[in-house]
Amino acid sequence: MTVRIQEEDFDLGTEIAALRKGDTQVGAVVSILGTVRDMNEGCQVKGMTLEHYPQMTEKSLENIAAQAKARWDIRQALIIHRVGPLLPEDQIVLVAVTSSHRGEAFAACEFIMDYLKTAAPFWKKEETPGGGRWVDARVTDDVAMARWVENKPKS
């Protein structure tokens, strides 16, 4: 499991190729790429700044990846999350999961993304024409995560 928090951009193709390289058991790669939108809650977004607590954030993301590995039969998981100033269309986050079968990869990827949106210690501040505003978690994100809590794996 690989977790990186960084300011610099990343290349999607390079990251996916590296994740699956040399593992002949990989039958599926599922990924999601999150980007900065130019609109949020009906307001124009000129840019966004993401902040985090180093080390605490990495541990949190490593824990999320470990939970996914414990729940599903996956080969690898990759989480890259950017911090610092970003503009519309910039890449924010990449979550990629490899497994022997697509169902496991889809579920684990969705689980990781849902937990990132609700439980990872990142703070987002959007720059709008009216000034800066902090972005709160959405109710829909909390609902999405709740289903994973309700459907814990059987011990």
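Cys-43 is partly exposed, at 21% relative accessibility. That value sits just past a boundary, because buried means under 20% relative accessible area. The model is a predicted one. Cys-109 has a relative accessible area of 4%, so Cys-109 is buried. What is the count of disulfides? The count is zero. A disulfide would need a pair of cysteine sulfur atoms within 2.5 Å.

Turn now to the aromatic rings. How many aromatic pairs does the structure hold? The number is three. Take Tyr-53 and Trp-123. Their ring centres lie 5.1 Å apart, and their planes meet at 75°. Planes over 60 degrees apart count as edge-to-face, so this pair is edge-to-face.

Where do the two partners sit? Tyr-53 is in the loop between strand E5 (47-52) and helix H2 (56-71). Trp-123 belongs to strand E9, residues 122-128. The pair therefore ties together parts that are 70 residues apart in sequence.

Is Trp-123 buried or partly exposed? Its relative accessible area is 36%, so Trp-123 counts as partly exposed.

A second pair joins Phe-111 and Tyr-115. Here the centres are 4.5 Å apart and the planes are at 35°. The pair is tilted, because an angle under 30 degrees would be needed for stacked and one over 60 for edge-to-face. Both residues lie in helix H3, which runs over residues 102-119. They are four residues apart, about one turn of the helix. Phe-111 and Tyr-115 are both buried.

Last, look at helix H2, where Ser-60 has its place. Is Ser-60 buried or exposed? Ser-60 is buried, because its relative accessible area is 17% and the limit for buried is under 20%. Which residues does Ser-60 touch, leaving aside those up to four places away in sequence? They are Ala-119, Ala-120 and Pro-121. Of these, Ala-119 falls at the end of the range given for helix H3 (residues 102-119).

Definitions and conventions: Residues numbered from 1 in each chain as written. Predicted model: local features only at pLDDT ≥ 70, side-chain atom pairs only at ≥ 80, totals over all residues. Heavy atoms only, no water. Phe/Tyr/Trp six-rings, centres within 6.5 Å; stacked < 30°, edge-to-face > 60°. Helix = DSSP H or I, 4+ residues; strand = E, 2+ residues; numbered from the N terminus. Buried < 20%, exposed > 50% of the residue type's maximum accessible area, 1.4 Å probe, protein only. Contact = heavy atoms within 4.5 Å.
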